[in-house]
Amino acid sequence: MHYKPADWLVRLTRLNPKTAWPWRHSVRLAIAVTLPMLVGLLTGEVEAAIMVSIGALLNSVKVQSDPYRTRFRNFLIIVPIAMSGFMLGALVAGHGLLTLALLVLVAILSGLISGYGAVYSTGAMQMLMLAVIAAAGDHAPSSIWIPALLFAGGAGFAALLLAIEALFDRHLPERTALAHLLHALAHLARAAAEPPEDKAGHALATPFEQQRRHVTDAMMKAYSGLLEARLRSEGSTPASDGRAAILSTTGMLFSALMAGGHAPDELAAAGHRLDGIATAVARGRGRPSGATAGGEGLAGILDHLVDEIWPDAEVSAPRAVPGKMIRKASPASARPGWHARLAQVGRLAPGRDVIITALRLALCLAIAFAAQIWLGGVRSYWIPLCVVIVLKPDFGSVFVRAVQRSIGTILGVAIGVVVLTFVPKGFWLLACMAGLCLVVPAAGLRGYAMQCTFLTPLVLILIDMTAPGTADFGPQRLVDTLIGSAIVLVFGYLIWPRDPAAQIQRAFAGAMAAAEAFFHAASTPPPADPAGVPSARSTDLAAMTTAYRSLSNVRTTLQRAIAEPPPASREAAAWFPAVVEAERLCDRITRLAERNLAGTVTLDPAAVEQRLAAFEALRASVGRPARQPGDPIPASADGDPALREVDFELARLSQLMQPAT
């Protein structure tokens, strides 16, 4: 009998699709890690060089697509938090059980800091890692700040290399995000040109819907990049207004594609032209040819888009682009009062989930320290270090990370043992470090296990640089990693009650609330004055973005849970049809919004109120989906024709939310 592995086990070991090699990031990481070690070897200060290299490694290993200013600002948040961890660990070192108790308190503090956002979570993880490392050493009170400064120096060196890269092309992240969005829109246009298959209505996701997901995901990334500067400023600037106009025009194009009614030849031409625009943006080229002055439909929107990206009065006079998302500076009187600021301060208090996660981290770390004391060995802080890295509250599934880290460490230790056996210490070993640094960023994009496969030998080589003689830490690191992962799996995952249904229900209910707000904006009568259409379009675009972002977050949660063993994987699989139907509902609302603004439909206010009541009833009935949707449900014959598509998807969702009989 042929054995077929469980779906969750297959997904656990599946790699992400291949992407372009992040060669800029690879070169920066190699220079940031190996150059301090080279200076340390030449000067005989290897211990100090390792702290510099660790600071550079921890702040350079992750591939990021945020704007450069955002990354520099993140350095200013992460590095001081991490430095405080080393100083706290050095202060509490050497006091036996008291040291362990104080480190557990540091773990609780780290968990609480993690609740304030992803950047603070990264700093909290580094803080706890350095606290564990520092507590294992012997530091004089007068020198505890020196390693922290060396670590900051390494992070500063990484930031300097990033600044040099930014000098050559400071708009690269924004251009990359926009190019990805334009390519996704091109694929969506081509998918819209192909006639749907007869069975598409029963498929989990049609080709058009799959491409629409790529567009909405790319749009979310483009929002964070293109509007970053605008969100920070108190007033309009030419650069921020230009980014906002580009984003608004891509939103118009997306709405037009979702509204349908375009000839296949027009869609194919739009897809071809979008690819050309995306290529020119990605490579930093000038305005591409192919503009059709006075074009209508998709061609007219693309003309506007080209004018937004490459404004040139001599080539094309500025066109009146509807829907520019340009916000005026808020007057001083519009600033929040003392009661609003007090409410913001109140939101800084950590929630229940954050506190539970912090206590879970502290428990696992205490058990790891107990295992460290019982096992002993050189550099045995690797066990609590493994716990810190795996048990992160916002870095994905604990189960998946623990298993993938174990798999990656086994392979990485094998690579490290081979390298340390056949390559002598010194400059040849440094060359191996540089080679591993070139591979780590691309490996991280393929998956966490592959990243650990190449990051583990890199760390082993760093440790070996300071070890006397020919000590081999590979086997001990492997045992420590397996012990740390087992502690996380048992005491950070298995013994805790898990209710994935409740978490998914809350996320899905929030997404349905966003869809309801989107429908309310889309069904609002358009302004009688044409001058008010841009503002109405901006409102629709903002509501649409929020709705699709909420559904994207739900889908990401499901994709993480589906790689876990039952019952989490079964629960996630049961929710996927409901998420697909909710996405289709948003697609229909997008089409309704475009037609409503164009004035091709007239919506009855009473009919709109009935649908809003249906949304509220649907949100109130959200529970675990009991079954797949059945046959298509006919819409009411006396319903508004413009609302029948929305009625159809609401009925299918209501059917999914019905309890099993």
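Trainee: What relative accessible area does Val 27 have, and how should I read the value?

Mentor: Val 27 has a relative accessible area of 39%, so the residue is partly exposed (buried is under 20%, exposed is over 50%, and partly exposed lies in between, with a 1.4 Å probe and protein chains only). This is a predicted model, in which local features need pLDDT of at least 70 and side-chain atom pairs count only at pLDDT 80 or more, while totals for chains, interfaces and linings use all residues. Residues are numbered from 1 along each chain as its sequence is written, and side-chain values use heavy atoms, without hydrogens and water.

Trainee: Which residues make the nonpolar surface patch?

Mentor: Together with Val 27, the patch is made by Trp 21, Trp 23, Ile 31, Leu 35, Val 39 and Leu 438, and its area is about 650 Å² (patch residues have over 30% relative accessible area and no salt bridge, with nonpolar side chains joined within 5 Å; areas are Shrake-Rupley values with a 1.4 Å probe). Val 27 is placed in helix α2, and this helix, residues 23-43, contributes the most to the patch, with five residues (helices are DSSP runs of H or I, at least four residues long, numbered from the N terminus).

Trainee: How many salt bridges are counted here?

Mentor: Side chains of opposite charge can pair when their charged atoms come close. In this model the count comes to 17 salt bridges (a side-chain nitrogen of Lys or Arg within 4 Å of a carboxyl oxygen of Asp or Glu). One of them joins Arg 190 and Asp 275, with 2.8 Å from N to O. Since Arg 190 lies in helix α8 (residues 172-193) and Asp 275 in helix α12 (residues 264-282), the pair ties together parts that are 85 residues apart in sequence. Arg 190 is partly exposed, at 28% relative accessible area.

Trainee: Which residue forms a salt bridge with Asp 217?

Mentor: Its partner is Arg 555, and the closest N and O atoms of the two are 3.7 Å apart. Asp 217 belongs to helix α9 (residues 207-226) and Arg 555 to helix α22, so this pair ties together parts that are 338 residues apart in sequence. The two partners can be read by their accessibility: Asp 217 is partly exposed at 25%, whereas Arg 555 is buried at 7%.

Trainee: How far apart are the closest N and O atoms in the salt bridge of Asp 647 with Arg 611?

Mentor: They are 2.6 Å apart. Asp 647 sits in helix α25 (residues 644-657) and Arg 611 in helix α24 (residues 605-620), so that distant parts of the chain, 36 residues apart, are linked. Both Asp 647 and Arg 611 are buried. Elsewhere, salt bridges with shared partners join Arg 212, Arg 213, Asp 217, Arg 555, Glu 583 and Asp 587 into one network.

Trainee: How many cavities of 30 Å³ or more does the structure hold?

Mentor: Rolling a probe the size of a water molecule over the atoms shows where empty space is left. There are two such cavities (sets of points on a 1 Å grid over the protein atoms alone where a 1.4 Å probe fits but cannot get out, with lining residues having an atom within 4 Å of a point; points join across faces, edges and corners, and a volume is the space filled by probe spheres set on them). The largest cavity has a volume of about 100 Å³. Its lining has 13 residues, of which Ser 255, Arg 537, Asp 540, Leu 541 and Glu 594 lie nearest the centre. Helices α11 (238-259), α22 (533-561) and α23 (568-598) each give two or more residues to that lining.

Definitions and conventions: Patches are made of residues with over 30% relative accessible area and no salt bridge: like charges are joined within 9 Å, nonpolar side chains (Val, Leu, Ile, Met, Phe, Trp, Tyr) within 5 Å. On a 1 Å grid over the protein atoms alone, a cavity is a set of points where a 1.4 Å probe fits but cannot get out, and a pocket is an open set with protein on both sides within 12 Å along at least five of seven lines; lining residues have an atom within 4 Å of a point.
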